[in-house]
Amino acid sequence: MGERTKFLQVFDEMSQFGAEPDVLTYNIMIKLCARADRKELLVSVLERILEKGIQLCITTLHSLVAAYVGFGDLETAEKIVQAMREGRRDICKILRESNSKTPDQNEEDIFTKLLPNSNRENDYDPPLLPKLYTPNSRIYTTLMKGYMKAGRVNDTIRTLEAMRNQEDSASHPDHVTYTTVVSALAKAGSMDKARQVLAEMTRTGVPANRITYNILLKGYCQQLQIDKAKELIREMTDNAGIVPDVVSYNILIDGCILVDDSAGALSYFNEMRARGIAPSKISYTTLMKAFAVSGQPKLAYKVFDEMTKDSRVKVDIVAWNMLVEGYCRLGLVEEAKKIVQKMRENGFYPNVSTYGSLANGIALARKPGEALLLWNEIKDRCGMKIEGEREASKFPSLPPLKPDEGLLDTLADICVRAAFFRKALEIVACMEEYGIAPNKTKYTRIYIEMHSRMFTSKHASKARQDRRSDRKKAAEAFKFWLGLPNSYYGSEWRLEPADGD
């Protein structure tokens, strides 16, 4: 809201300084409408330009196409482009007919002052464009980006073909257009077709740049075609004369991780530094990830140590979490907790990712007692108030936390397996509070497989039975939540079919 108020203030002050709003002013207003989620006002901006006799430019039409693409309204964006292709001047009428929402005539807001024509009734003839405008490559490419985002690869390619056949050279594909097509194909996993587009760029004299090659590299790595990625990087350097940058190497390092090749990741990291390319924060954390997922936390720590000594990068929570993940993947919970303590000493708070790694490590190490300690901290940061517990926070210095499904499910799984039913109920209550559906089917299976005969011994002493009373109450409450027979309602249940079934 603040940016709109300031825009109106500056807009009103323009005339005081003899600077009347021009087409650029209204182009910015189109972006303001888009940011304010006021799609229905876009046509009013165009009409305002025409009614004030301001000379329209192709950038205005591009801004409109970009705004509709940003709203996900590809149908209207297509109508604008098609109308321009057909040599039509009634684009205002087209946009009026496409408007699904009419501005509220009683709505007193900033836009009624900026666009007094927006409250006008629709019973009038919308103004025509002063002349014909042909879509240029920028407009076509913007529409193609909308198709790409929507996964409409065929429409992206069809637009490219239409651009090739345009008589106006300004409408022909440029390197941004081709890169958009390459990106759409790579995203869809059609790497052979993406490579063909790269070859076409060479044939048509539109040179690919580093961004194009990086998109292809990422596509090959995501498809686990590391050999082709290596081949492409050689072609990029030797044939195209384009030197890989830090993004190129980060993609290759991440690709090596996907095929479990930590040695290859280290090789590319060293090659990057040998070329004089400074590693970025992502370079370090990606290499740490390579060692973490391959069960080599000590090597991950060495990379972390190098990162702390590199004055060009700043250690962040992602780097700390990668260290925690490395130890937790081996079930080395105590080592991971030491890392978390160092993290805190350096001013970083554990986040959901940190806790998720710890929970997985605890499950792997089979240390359910650690899960209780972890849950107490998470519960406190979530602001949960449990009946019978003191309300004073045990971790007042830690910021609030919003847990995710993976973290809570792992903790609940540990507690159910360890028969910590009261804690399990606390965790599922937290899940429901955050709109996460607990996996009752899984917890029911665990209970039946591991605890269905719990508390059935007839030979336990009276003292032992008394000690188990609280645990039994918790178990009955958990069974009640699962929907299994329990002391709250009586019925018999069995896994096998009853006689006569």
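Analyst: In this predicted model, the lining of the largest pocket divides into 7 nonpolar, 1 polar and 4 charged residues (nonpolar: Ala, Val, Leu, Ile, Met, Phe, Trp, Tyr, Cys and Pro; charged: Asp, Glu, Lys and Arg; polar: the others, Gly among them). Those residues are Lys337, Val340, Gln341, Arg344, Pro350, Tyr355, Leu358, Ile362, Glu370, Leu373, Leu374 and Glu377. Helices H19 (333-345), H20 (352-365) and H21 (368-382) each give two or more residues to this lining (helices are DSSP runs of H or I, at least four residues, numbered from the N terminus). The volume of the largest pocket is about 230 Å³, the space filled by probe spheres set on the grid points, which are joined across faces, edges and corners. A pocket is an open set of points on a 1 Å grid over the protein atoms alone, where a 1.4 Å probe fits, with protein on both sides within 12 Å along at least five of seven lines; lining residues have an atom within 4 Å of a point.

Helix H5 (residues 74-85) crosses helix H6 (residues 91-98) at roughly 160°, their axes coming within 10 Å (axes are fitted to C-alpha atoms over the stretch in contact; angles run from 0 to 180 degrees between N-to-C directions). H5 is therefore roughly antiparallel to H6 (over 145 degrees). Thr76, Lys79, Ile80, Ala83 and Met84 of H5 meet Ile91, Ile94, Leu95 and Ser98 of H6 (contact: heavy atoms within 4.5 Å). By class, this contact of H5 with H6 holds 6 nonpolar, 2 polar and 1 charged. H5 also packs against helix H8 (residues 137-149) at about 155°, with the axes 11 Å apart, so H5 and H8 are roughly antiparallel as well.

Residues are numbered from 1 along each chain as its sequence is written, and side-chain values use heavy atoms, leaving out hydrogens and water. Local features need pLDDT of at least 70 and side-chain atom pairs count only at pLDDT 80 or more, whereas totals for chains, interfaces and linings use all residues.

How values were computed: Angles under 35 degrees count as roughly parallel, over 145 as roughly antiparallel, 65 to 115 as roughly perpendicular and the rest as oblique.
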